[in-house]
Each structure stands twice: as C-alpha cells, then as structure tokens.
Amino acid sequence: MAGIMEDLANFLRDSREGVEARRRQPSPVRQPPYIGQEELRGLLQINDIDTVDMEKIEEKGKEIRPEDRVRAEQIIQEQKFRDWLKSPKSGKLLIQGGFIGNMTCPLSIFCTTLAKTTRPWSSFLCLVWFCGRNTEYLEPDTESSDANCGRSWDPKLGQDKDDCYGYAYKQRIIKKMMRSLIAQLLRDYDFGPRNLLPPDVDPDSIKNCHSLSQLRRLFRWLVRQLPKEVTLFCLIDGIDTYEGDDFAKPMHLCLGDIIKLPIADDVSPMVKLNTALRSMATWKSAYAHRGIYISYSPEPQEFGDNEFAQDGFLLVGQFVRRGVYIVQSISNNKMYFVKSFTRREGAAGWQTQEHEFTHELPPEVRISTSDLATVQLLDESYFPKVEFIQFIDVDNLDVYFEYKNGGTLEQLREVYYRAGCRIPEHFIWHVTAELCNALAFMYLGQWRNLVRMPGWNRIFHRDINPSNVLLNFPPRRRGNAPRAGNRDNAFPEITLTDFGDSVISGDNPNDQKPGIFVFENNPDVWEDIYHVGRILRSLCMTHILFPEDDPDDPFNVITGGVLKDESRRWRDRPDSRRLAVVNEHPNGTAYSVELINLLSQFEWPNQEVVAINVSNHRSQVVDIGWVVDKLLPVAKQRVRDVREGVKPAGYYDAMDVSWAKPPMPMPYMVDGPNDPRIADVEDCIQRVPDDYEVCTLEYPMPKITLE
C-alpha cells in the first residue's frame, strides 16, 4: 500500500488546509481540578493497545496475498470513500470486504494505514479498534497488549475463570474496547487543566472496569468537549468478529453511541465513523440513513411475477447511466438492474439515445428471456434474465433484470492489471466457453445439447465488449465449507448483457442502432466474433504493463528505440501486440501452447499497424463454424478437466478470482427532501416526484420507515 499513504495525505491536506492546530493546546480553567486528564487515564488501567495492534498488523501484513492487498487498495478509488473523507460534514462509512480470517486481513492493513496517515495532523484525532485482534480476555502472564486489564478474575466483573465464554466474559472485551477508545482520546488530545469527570460518572466504576454504561457515558461526554476545529475519525475493523448473542447486546449499545455522534446536534467536532466488515454481518442493522424509496403502483400492463415489487424498492447508489440503475426489493431484499425505455415514434434508429427505441418493443425485450420476446434467449447464465416488465404507459416501460454481483469483465481485467497478475488460464477457458455458447445460440440456434433450431433468425449483438460481460458469484450453500474450496469463486457465472444495439435478421434497417462499428450498415457475424476474440486475447495480457507504465520493458520498444503506441491502453491492446510474446514476460504461470495457438486464430497480418474495420481485413476474422465446432468444444473440455473428479483440500482456493470483484453497492443516501442530489435521481430513474420519496432506512432491508 505504498501509494495509499501519499494519496490519503493529499486528500487530508486538501480538505483541512488552513485549519489551525488545536490539539494539545490548553483550554482556560473553568473549575478547580477534580480528576484531570492523566488521573482519568490512569483510572482506565489500560496500555496503548492500538499501537501494539498496528505494529503486529503491519508485521503480519507481509503474509497477505497480493491479490487481497490490491482488493483492499481499491477502497481509496471508490467515490463513496472519497466523498466520506473529503466531506466538510460528519459521516459514516460501512466497508464490506468479504475476507476470511480474524487476526489480520487486508482491511486491517487499510485501517492501520488510514490511522497512521491522519494522526500526524494536528487537526485530526483518530481512534481505532481491531476486533479481530481482541477476541480474548487474557490473564497477565500470557502475551497480551492489555496485560494490566487482565490482572484478576474478579467475580464482580464476570463469570468464573473456567467458564469465561459467557455474556459477562464477552462484555469484558467490549469494556476493553471502550477503555481503549477513551484512553486514545486522552492520550492524543490535551483537554487542559480541568475536571474531566462528568457528574454522572462514578470514578470507582471506571477504575474497577465494572460499569459499561459508565464507560459509554464518559466517552460520549469527552467527545462533546472537543472543539469544532477538530475532526474525529473512529475506525472499527472487523466488527463482524463480534457476532453472536453474547457479543451483540453490549456491542450494539456501544456502536449505537458512536453511530449517533455524526448526527448529534450537540457534538461540535466533525465525526467520521468507518466500520469495516470482513463478511456479511448483522452489524449492518445498526446503520441508519436517509434514502430514496420508489413506490410500486400496478400499471395497466405487467409481464412476469410482480411479487417482489409489491412493497416497492430502495434506490441503490449506483447509477450506470441515465435510465439504468439498481434497486433493492423491500419484499425479498434482492437487488435488480432496472432499465427504463421510451419509444420515439417516427425516428430512425441512429437518431435515438441509449434509452430510446423505435420498434414496438426495445431490443432488450425483443431479444430476451421474456415471453414478449421476438426471439427468446435461453434461460442460461450466459444470457441476462428478465424478471419483470412494467409498462408505465404506451410509450414508456421499466424492465427489471437479475442482478449480477461480480461487476464486469472490464473491472476484473483492470484489477488484475493493477496487481501485475496473470488472469488464471482456467478462468480464460471458462470465459471462452460461455461466450462461445452465447454465440452458438445467437447465430445457429444451438443449445447446450448441440441441437440446432431449423429456420433460425440470427441475432447480431453488435456491442460485445468487456463492460457488457457481467460476472456473478453465487452465494455458498449453508453448511460446512467444501474441503476443496468454493468452486463458484473460481468459475463464476459469465453473462453477455446489454442487447440495446442488437438486431434480428430481417429487421427494418431504419430501426437499427449503430453498433461499435458505426459505419457497418449491414449487421454481420464478423463484428461479434472479432470482439469476442479481442476480449479473450486481452485477458492474456494483464501481466504486461503498458509502455507509459513501464518504458524499460524491451517488449514495449519497437524499431529505432521508439515506445510502442498504446496510449489508448485497452482500446489499443490486444491488437497492438501478439499473443506469441505473452509468455516471455515472467509474471505467473505461463499459458499453455494450446490456449495461445487457438486464440491466435483471432489475429491477422500487420494488426499492430493496420486496424480492422468494415472495409479492411474483415475477411481475416474466423467464421462462426470454427468458433462453434473447434474453439467451443476445446474450451468446454478444458473446463471439465479442471472441475471434474474428487479434488484435494484447498484445490479451488488457488483458483479463486472473487478477490477482484467490486464492493457491493449500497443504498443511495440523501440528507433530506431538499437535497440537490434528488435532481440527479429524477433524471436517472425517469419518474415523476410522486413515485419516490425520502425515507429512513436501516441495514438489512426491509427495515424502512417513511418520513
């Protein structure tokens, strides 16, 4: 995470530049001292757990897999994190990582980096607690960063030593967390010579570590003594470690206190709370925000099962583009892609925008799994599934698609490139098989059983690119984890989506939208085959840096010492270089000769300097017969070779590609009914204001209260 320290420092410098230092400056004496700062810290009887934990985390961080480290580094690129960090207002941020392990994970490294970056700044305070490193309440003769707190097993404080894993024992750990957060506050900020014990807190209860309510009260009171010039960061890593009924009650109380600080009217400092989850957890329910509730009203025409729509939806904070967004059903908690379409009567296809159409139905309904389709797609994972269609009126409709949680192939490729890693060969074979299955059906009407439909009307996609190939990682079934590992994380679902520019053979040319090759007036199979080959070849090149990223690589230099021109990056690559050289770069396991030879069939003479287009070299593209009869059978067999048979322990763990999937999108949040961002909502979802309203929401849904 070498670059994160600098990036975070730049963010903090920009957002707080010009603020005068207020930390460690004495305040005027308001009353005779009763219990001062050092005395109060002494009552807590706790060491600097946070610094010890961060040292251990940095030491253990060397053992974390590079791909997991890169996945954690993605957080700083997320717009929600940037907004949270730079916002002039208090705020809360929930990060869900999906990592395994209690002691140290990439999110722990990230929280450590954030803490060490903020603490040198005089106008920032940063409190941190690592739940995964504090799951036991140890005796003083064991290795512990808090030996003093474990000095005795006082019956007043909990259960007997031999029965220490009940409610009272786990409450000790939560008390330990609160004592540490208070101690960090007293260590890092000078409150001045004043009485720091509020009148409703008993010093004996603090000293004996007996009352959690007293510790909570003291923490809330101290935070309220901070001036408005201070920004208080509170980082809680791995909170899902504290699962279970015994932990839940005391932790919910403490977390509730902290969560309320950013929205409390009587708290002067800016408070920024960051909570990191390694996996799905019940702690989401403690987060409350304002979001956008989209109501459901039965329309004159609906197609599909509308049960999931009956209670309406919550808008999820990810606008793909106008008319394309994500919602979460209040009824079943599942997420859905929604696309809104508008028919333009009398317009030509090339005159329409992405959300407009000229047929009776939009292309993504005409070519879909819906019963309304002109050509119905197979109900297979490599095609998008239409769940529900609602006609708002005769010219406007909303189409609900099954949500895919793994992001796009473009995102996965970029994550592997930034990590300097090769995409595993088994995954490339898998993508090859699924995309070729899609082409086989689109052009030949071929099903998985190799049966081809007679008189088939060909489907021309015309916009196949990595951003239109979605990944989905199905949730693991309940029960013990498979000994061999999670196979679905190595072989996620691959879905060819976005048929918005698609054409069915025999369609009126006037209704056709331009595809990627905008001057190709006559849809042809070569377009889709070329772009599938382009995708597959690019997946073999993520370990090779672009010339601007590595000018010293001899493979980036052409005749005369000039750097290869890949200034447009993935728009130039892979056509800018040959597959024959990818194994000469040492990173990772070399690709098989079979894979390289087969995918090289998508290359053509002089491709490095002569681009393929509608009038040049189109004859060099392989035909659909070779794709379906040669490439597809080999790809399917290579996938079977890897998947079939009894596998040893951890077999699929080494093939896991799920580390590259993006964070789960979270509900769209607004400050209230007058938030200017609501205008963006109206523009995106194309609904009138009566169709949505601001609501209070909690995680997990559907705990929702309309305001």
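**Exercise 1.** Find what the charged end of Arg-573 sits over.

*Solution.* Go to Phe-546: the charged end of Arg-573 sits over its ring, 4.0 Å from the centre. The test for a charge over a ring is that NZ of Lys or CZ of Arg is within 6 Å of the ring centre and within 35 degrees of the ring normal. Next, look at Phe-491, where Arg-643 lies over the face at 5.0 Å from the ring centre.

A word on the model: it's predicted, so local features need pLDDT of at least 70 and side-chain atom pairs pLDDT 80 or more, while totals for chains, interfaces and linings use all residues. Numbering starts from 1 along each chain as its sequence is written, and side-chain values use heavy atoms, with hydrogens and water left out.

**Exercise 2.** Classify the pair Phe-308 and Phe-388 by its ring geometry.

*Solution.* Start with the rule: rings of Phe, Tyr and Trp (its six-membered ring) pair if their centres lie within 6.5 Å, and planes under 30 degrees apart are stacked, over 60 edge-to-face, the rest tilted. A search of the whole structure turns up 28 aromatic pairs. In this one, the centres are 5.8 Å apart and the planes at 85°, so Phe-308 and Phe-388 are edge-to-face. Now check burial (under 20% relative accessible area): Phe-308 has 9% and Phe-388 has 0%, so Phe-388 counts as buried.

**Exercise 3.** Do likewise for Phe-337 and Tyr-403.

*Solution.* With 5.1 Å centre to centre and 45° between the planes, Phe-337 and Tyr-403 make a tilted pair. Phe-337 is buried at 16% relative accessible area, and Tyr-403 is buried too, at 14%.

Conventions
Buried < 20%, exposed > 50% of the residue type's maximum accessible area, 1.4 Å probe, protein only.
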